[in-house]
Amino acid sequence: MNSAVCFVCDECNARIDLREQVNLCPKCGGLLETQYDYEIMKLSAGLFREYRRDSIWRYRDFFPEVSEKNIISLGEGGTPLIKSLHIGPSLGVENLYFKNDTLMPTGSFKDRGYSLAVSYAKEIGVKRGLTYSSGNAGASFSAYSARADFPGIILVEYLASDTKKSMILLYGAKAAILEYENFEQISRMLDEAVRELGCYLFVNFINPIRHEAMKTYAYEIFSELQRVPDYSFHPLGTGGGLWGTWKGYNELFQIGVVDRLPHMVAVQPAAVCWLKQAIDHKMSEGRMFGDSTQTIAQSISGNSPLHGGKRLIRCVRDSGGLALAVSDEEIIQAMRDLGQEGIVAEPAAAATVAAFKQARMAGKIKSNDTVVCVITGTAFKQPDVVRRVAKLPEKVIRADAGELQALLRQFHMDKA
Ligand SMILES: *Cc1c(COP(=O)(O)O)cnc(C)c1O
Ligand SMILES: [Zn+2]
């Protein structure tokens, strides 16, 4: 049974009908949050007793309601939780896990959010949509809106890799490249697009639905582990992934499935770590910090928050979590480390692993802690970066058994 009740405004507490085609609060422009009836949620709590490699739609009772015919799904969600064999144990942490969302239909975790948000838009009769994208969101929105037969327009950051930009057109949407000096300009433009131009947006938080799908991180991870991790590491862009996961764990707590919550860890490139600045200086709102061009982790290179980032500051504080900053060097090393775990992650995604290593070496993680690093996107869309972190093979041979034998000898693999 569906448990969604209404939208509630973060700022003025206005309650808004879930079927309204709104982004921000019509009264005050604040962010909207979907509220649920926990008594109804409890009826579906049996879902969490076991894990199935299903899609996010396994948990549809916990989303705003979408009828069967409007569900647009490509098999997003239900990704494996991979236990670390090297990175964790080499630092004395036996229970480090990677939630491998590089396996998503369009190669990033954005598919969770767009499957739900596009389906929901169809459900309530939205006719067209606009999104801003650091690259992956564009590919995802493009894929899902094509299948919904729903015209999408995408503004993609000029800093995104060419492969990401091209994928947007490959999936069929209309797109333009977005130039800007700082993320605050983008943030302002998006608010004006809603207020002055009447656009329906699909940007995290400005669209109240996308992060609802990120609750499935909490649902899936808890269901698979049958316990709450001590730490949940997320790369932080707009913060939709971090916030949605936190919301998911809080729901599990409210309906009595779990009796504790994880510490939430937000990871940013050191070049733009506005959240770390806000937490370290005990600010109630985040401010612009740093330069987006100065990091390899382009998917999380926004240098200021949407709407002050107040939800994210609360999430880190309320969970007793951490806001961490990692350098490009740490990220590159983490990409190499992850390769040896069988996962090829883009820099923004490997940032969680870089942050785990940093936190462990700083004594913030105990050896018996259970830690999950969310791996949000594949490196296959940034082939230039793959080339930068891994060299080409040095040895060259001709197709000849003698040369092969010499090579085996060089690699000390000539004896069984
Ligand atoms: C978008 C993106 C992020 C940031 O996600 P938010 O929900 O905006 O915080 C992190 N990693 C990858 C690979 C992304 O595409
Ligand atoms: Zn309001």
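This is a predicted model: local features need pLDDT of at least 70, side-chain atom pairs count only at pLDDT 80 or more; totals for chains, interfaces and linings use all residues.
The aromatic pairs come to 15 in total, and the zinc ion (ligand 2) is held by four cysteines, Cys-9, Cys-12, Cys-25 and Cys-28.

**Aromatic rings**

- A pair of aromatic rings is described by how far apart the centres lie and by the angle of the planes.
- The model has 15 aromatic pairs. In one of them, the ring centres of Phe-48 and Tyr-219 are 5.2 Å apart and the planes meet at 55 degrees, so this pair is tilted.
- Phe-48 and Tyr-219 bring together distant parts of the chain, being 171 residues apart. Phe-48 lies in the loop between α1 (38-42) and β4 (81-83), whereas Tyr-219 belongs to helix α7 (residues 210-225).
- Phe-48 and Tyr-219 are both buried.
- For Tyr-200 and Phe-202, the centres are 5.2 Å apart with the planes at 75 degrees, so the pair is edge-to-face; planes over 60 degrees apart fall in that class.
- Tyr-200 and Phe-202 also belong to a cluster linked by ring pairs, together with Tyr-114, Phe-141 and Phe-150.

**A charge over a ring**

- The charged end of Arg-112 sits over the ring of Tyr-217, at 4.3 Å from the ring centre.

**The three-stranded sheet**

- Three strands form an open sheet in the order β2-β1-β3, and their pairing is antiparallel.
- At the edges are β2 (15-16) and β3 (32-36), each of which pairs on one side only.
- Two bridges join β1 (residues 4-9) to β2 in the antiparallel sense. Val-8 has Arg-15 in β2 as its bridge partner.

**The zinc site**

- The SG atoms of Cys-9, Cys-12, Cys-25 and Cys-28 coordinate the zinc ion (ligand 2) at 2.3 to 2.4 Å.
- Along the sequence, these donor residues follow the spacing C-x2-C-x12-C-x2-C.
- The angles among the four donor atoms run from 98 to 115 degrees, and the site of the zinc ion (ligand 2) is tetrahedral. That class asks for all angles to lie between 85 and 135 degrees.
- For orientation, the ideal angle for four tetrahedral donors is 109.5 degrees.
- Cys-25 has a relative accessible area of 4%, so this residue is buried. Cys-28, with a relative accessible area of 42%, is partly exposed.

Key:
Residues are numbered from 1 along each chain as its sequence is written. Chains are lettered from A and ligands numbered from 1 in the order in which they are written. Side-chain values use heavy atoms; hydrogens and water are left out. Rings of Phe, Tyr and Trp (its six-membered ring) pair if their centres lie within 6.5 Å; planes under 30 degrees apart count as stacked, over 60 as edge-to-face and the rest as tilted. Helices (H or I, at least four residues) and strands (E, at least two) are DSSP runs, numbered from the N terminus. Buried means under 20% relative accessible area, exposed over 50%, partly exposed in between (1.4 Å probe, protein chains only). A charge sits over a ring if NZ of Lys or CZ of Arg is within 6 Å of the ring centre and within 35 degrees of the ring normal. Two strands pair if DSSP finds at least two bridges between them. Donors are N, O and S atoms within 2.8 Å of the metal (3.2 Å for Na, K and Ca); water is not among the atoms, so sites may look incomplete. Four donors count as tetrahedral if all angles lie between 85 and 135 degrees; four count as square planar and six as octahedral if opposite donors are over 155 degrees apart and all others between 65 and 115; anything else is irregular.
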